[in-house]
Structure formats: structure tokens, C-alpha cells
Amino acid sequence: MDSNTCCQELPDWRNQRSPFQRILSFGYYDGTTAGVAQCVGCSVAYKYDLLAWDEDQDMRIFGLAPLPSGSFSELLAASAVLGEPRWPTWVPVWQFSSETIQNKVESRIQAVLNKAGPLTFVVATNDISNNFVAGKRITETNVELVQGLISKSVDVQEWLAFLGER
Ligand SMILES: [Zn+2]
């Protein structure tokens, strides 16, 4: 894959290089579990959340929901008190000089995250900034299936089956 990969140009996300070159991680366990990922191609930022992982936490399934234009810059501005960003993946250390500042920053971040639209992609990855093992765009034809899988909290194997990997 070339470096101009974009989230909009991956009809099937199998064995693709990740178009997400800037990851702002708000949750971490041996790797990111939640946060916001920005596409290097079109600059769209997605809120991502863990849907499942295997027992070694190596294979992770994420749901991606797009954020309005400008959200990534707003999140970076809100997180600036936490230090200098590091790319591709910045996991800010959640330490604040006061509780007042913490509350202010957290509510500012939450306000941006609350603007996320419905999920548009599900991906399987070992590292969301690096590559995708598999992925699928969510469409009218599979949205109910996806919602069902989420509500049943299915495991990685079932997600891989949905993604066509098993
Ligand atoms: Zn894109």
C-alpha cells in the first residue's frame, strides 16, 4: 500500500496498512483500547472503542464512528495540558495539576466524543496505527447484524467470522 491510503478507499480492509497515522488514546491495556484515530488521507477522525479481544489481547476488534470536522484539533487542544503529543500513537498520562482542571478537560473531551455518529467500520487489528487484519464497512444490509453482535458481546472468533476471516 502507498502512503496515500484513505479510510474511504478500503472496500475491504483485509491485510491493509492502516490509514490512521495519528491515534489519540484515552484507554490503554497492553495497547490502546479506546480513543480517536485520524485518517492521513482525508483527515476524518473516528472515535474507536474495543468490541472484543482475544485472551492475549493481541487481536482487537474495534468499532469506528466518525466525528465532525475539527474534532481532532479540538481534542488535541483539550489534551494539551497533558504534554506533547507523540505520533503515531499518543497515550497521554492522565495526571492533572488539580481536580478542577481535570474536570474541565474531561468534560471538554467528552463533549467532542459525544458528537460521534453511528459506527461506520468494524476492524480487526493488532495495532490500529499499523495494519488491519480485516475490516468491514457497516451498511444498511449488515447494521442490524452488527448491533446484534455488539449487544451479545460476542468474542473475537465471532467477529472474525463476521469479517470473513473464519
Ligand atoms: Zn480517509
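1. Two residues are in contact if their C-beta atoms, placed from the backbone, lie within 7 Å. Helices (H or I, at least four residues) and strands (E, at least two) are DSSP runs, numbered from the N terminus. Please keep in mind that this is a predicted model: local features need pLDDT of at least 70, side-chain atom pairs count only at pLDDT 80 or more, and totals for chains, interfaces and linings use all residues. Residues are numbered from 1 along each chain as its sequence is written.

2. Let's start with helix α1, residues 71-79: its buried residues are Ser 71, Phe 72 and Leu 75. They sit on the same side of α1, because they cover an arc of only 100 degrees around the axis (the arc is that of the directions from the helix axis to the C-beta atoms). Buried means that 20 or more other C-beta atoms lie within 10 Å of a residue's own; 12 or fewer means exposed, in between means partly exposed, and C-beta atoms are placed from the backbone. The cover over these buried residues includes β2 (20-28), β3 (32-39), β4 (45-53) and α2 (99-113).

3. Now for the sheet, which is open and has 7 strands in the order β6-β2-β3-β4-β5-β7-β9, with mixed pairing. Two strands pair if DSSP finds at least two bridges between them. At the edges are β6 (89-90) and β9 (134-137), each pairing on one side only. An antiparallel pairing over 7 bridges joins β2 and β3, and Tyr 28 stands opposite Thr 32 in β3.

4. Finally, have a look at Cys 39 in strand β3. Cys 39 is buried because 21 other C-beta atoms lie within 10 Å. Leaving aside neighbours within four places in sequence, Cys 39 is in contact with Cys 6, Cys 7, Pro 19, Phe 20 and Val 44.
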